[in-house]
Amino acid sequence: MIAINTKPTSDSLQNMHRDLSHRNHIWPSPRVDSPLVTEGELRRARDQWSHRACATYISTTRAASIFHQLTLLSAPLTALTGASYTVAEMTRHLSITLHIAAPLEVSENLRIQEQFFHPPQPPPTWEQLFDQVLQFFCFNLALSVPVYEAISAATSDKAIAELATAQAESLAELVGYGHALISWMGSDLPTRTTAATQARLPGLLAAFESLCGGSAEVLDQLAGTEISVETRSGNLGTLDDHHRAAIFYHALNNSIFPVLDDLGWQGFEAWRRHYRHGGSLEPRPIVVAGIGTHDSL
C-alpha cells in the first residue's frame, strides 16, 4: 500500500507549497461541526472525500507519467506545455481535496493499492500513451467536471461549494487541452497507434460505467426521468448513487461520445457492444478523480 504523505517538511518547502498551490489566497474551510450536519452525513462525507483524495493522488501521478512519456517520445513542445500544466493543476487539485478532507479526519489514513501505480517499461510507445491519454482526459477528467459541479450544487457548505466550483472550472480547462491532444494524436499518428485502444473501447465504457454506479438496470430506471441536484442542508459535498450514474450517462452523450466520434470511432456502436464484457470489467485499474477508484465502490 502507498500512503498519501501530508506531514510538514521545512518552512521553505511549506512556503513554496502555499505559493504554488495558491494556498496564500486563504482557502475557506468546511464547517463539519454545523448543527445541520448529521452523523450519517459526516460518515458519508468522510468516505466520499477519502475516495476523491486517493483518486486525485493517482490522477496526479498519471498526469506526470503522460508528461514524462511525451518527453521520451520527443513530442512537439506545444503538446508538452499543456501536459506540464496539467501536472501542476492536478497537484493543486490534490491540495484542495486534502484541505476539504482534513476537517473530516481522513488525511492520516489514506492508503492506495499499488496496482494503481505501474510505471511504463522503457521505451514507451505511442500506442501505450494514446490509450493512457484517452482514459485520463476523455473519461477520468471529463467525468470529474460534472461531479464537482454537482458537489457545488448539492452542498450547503459555502467553502466546499466555492472550492468545488474552482475545481470544476480548472478541470474543464484541462479537458479542453486533453481533447486537443487526443485529436492531434488521432489524426497525426499512424492508424496502428490508435487501433489497440479502439478495440478496447467497449471494455473501457463498461469499466467506467461500473465505477460511476451505472448498469443496464440503473440505466432502465433512469430512462425518461430528469435527475436534478438540489442543495441539501448539512450536505458536506456528498452525492447519491443515482446522481453519479446520471452524471456518467449525461457525460457519455455530451462529452465522451463527441470525442470518440471526432476520431471516427462511432462511440455509440462501441456502447452497444459494451455489455458483452459482463462481469469482466477489463481494462483495470481505472480511476475518476471526482469519484474514486474501481475498488472503492
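## Exercises on a predicted model

Ile-96 counts as buried, with a relative accessibility of 2%. Keep in mind throughout that this is a predicted model.

**Exercise 1. Work out where Ile-96 sits and what surrounds it.**

Step 1: find the element. Ile-96 is part of helix α3.

Step 2: apply the burial cut-off. Buried means under 20% relative accessible area, and Ile-96 comes in at 2%, so it counts as buried.

Step 3: list the contacts. Leaving out residues up to four places away in sequence, Ile-96 touches Trp-27, Leu-163 and Gln-167.

Step 4: Gly-214 is 118 residues from Ile-96 in sequence, and their C-alpha atoms are 27 Å apart.

**Exercise 2. Describe how α4 and α9 cross, and say what kind of residues make the contact.**

Step 1: Helix α4 (residues 126-154) and helix α9 (residues 241-262) have axes that come within 10 Å and cross at roughly 140°. The crossing is right-handed.

Step 2: name the residues. From α4 come Leu-134, Cys-138, Phe-139, Ala-142, Leu-143, Pro-146, Val-147 and Ala-150, while α9 brings Ile-247, Phe-248, Ala-251, Ser-255, Ile-256, Val-259 and Leu-260.

Step 3: sort them by class. The contact of α4 with α9 has 14 nonpolar residues, one polar and no charged ones.

**Exercise 3. Characterise the largest pocket and the largest cavity: how much space does each hold, and what lines each of them?**

Step 1: start with the pocket. The largest pocket holds about 690 Å³ of space. Its lining has 23 residues, with Asn-5, Thr-6, His-17, Ser-95 and Leu-98 lying nearest the centre.

Step 2: By class, the pocket lining splits into ten nonpolar, ten polar and three charged residues.

Step 3: move on to the cavity. The count comes to one cavity of 30 Å³ or more, and the largest cavity holds about 30 Å³. Lining it are Thr-56, Met-90, His-93, Thr-97, Tyr-148, Gln-167, Leu-171 and Ala-289.

Step 4: trace that lining too. Here α3 and α5 are the elements that give two or more residues, and α3 has the largest share with three. The cavity lining has four nonpolar, four polar and no charged residues.

**Exercise 4. Look at the backbone of His-22 and Glu-105: what is phi in each, and where do they sit?**

Step 1: recall the background. Most residues other than glycine have a negative phi.

Step 2: His-22 has a positive phi, near 70°. His-22 is in the loop between α1 and α2 (39-72) and is partly exposed, at 35% relative accessible area.

Step 3: Glu-105 has a positive phi too, about 60°. Glu-105 is in the loop between α3 and β2 (111-112). Exposed means over 50%, so Glu-105, at 65%, is exposed.

Notes:
Residues are numbered from 1 along each chain as its sequence is written. This is a predicted model: local features need pLDDT of at least 70, side-chain atom pairs count only at pLDDT 80 or more; totals for chains, interfaces and linings use all residues. Side-chain values use heavy atoms; hydrogens and water are left out. Axes are lines fitted to C-alpha atoms, for helices over the stretch in contact, and angles run from 0 to 180 degrees between N-to-C directions. Helices (H or I, at least four residues) and strands (E, at least two) are DSSP runs, numbered from the N terminus. A crossing is left-handed if the near helix is turned anticlockwise from the far one by less than a right angle, and right-handed if clockwise. Contact means heavy atoms within 4.5 Å. Ala, Val, Leu, Ile, Met, Phe, Trp, Tyr, Cys and Pro count as nonpolar, Asp, Glu, Lys and Arg as charged, and the others, Gly among them, as polar. On a 1 Å grid over the protein atoms alone, a cavity is a set of points where a 1.4 Å probe fits but cannot get out, and a pocket is an open set with protein on both sides within 12 Å along at least five of seven lines; lining residues have an atom within 4 Å of a point. Grid points are joined across faces, edges and corners, and a volume is the space filled by probe spheres set on the points. Buried means under 20% relative accessible area, exposed over 50%, partly exposed in between (1.4 Å probe, protein chains only).
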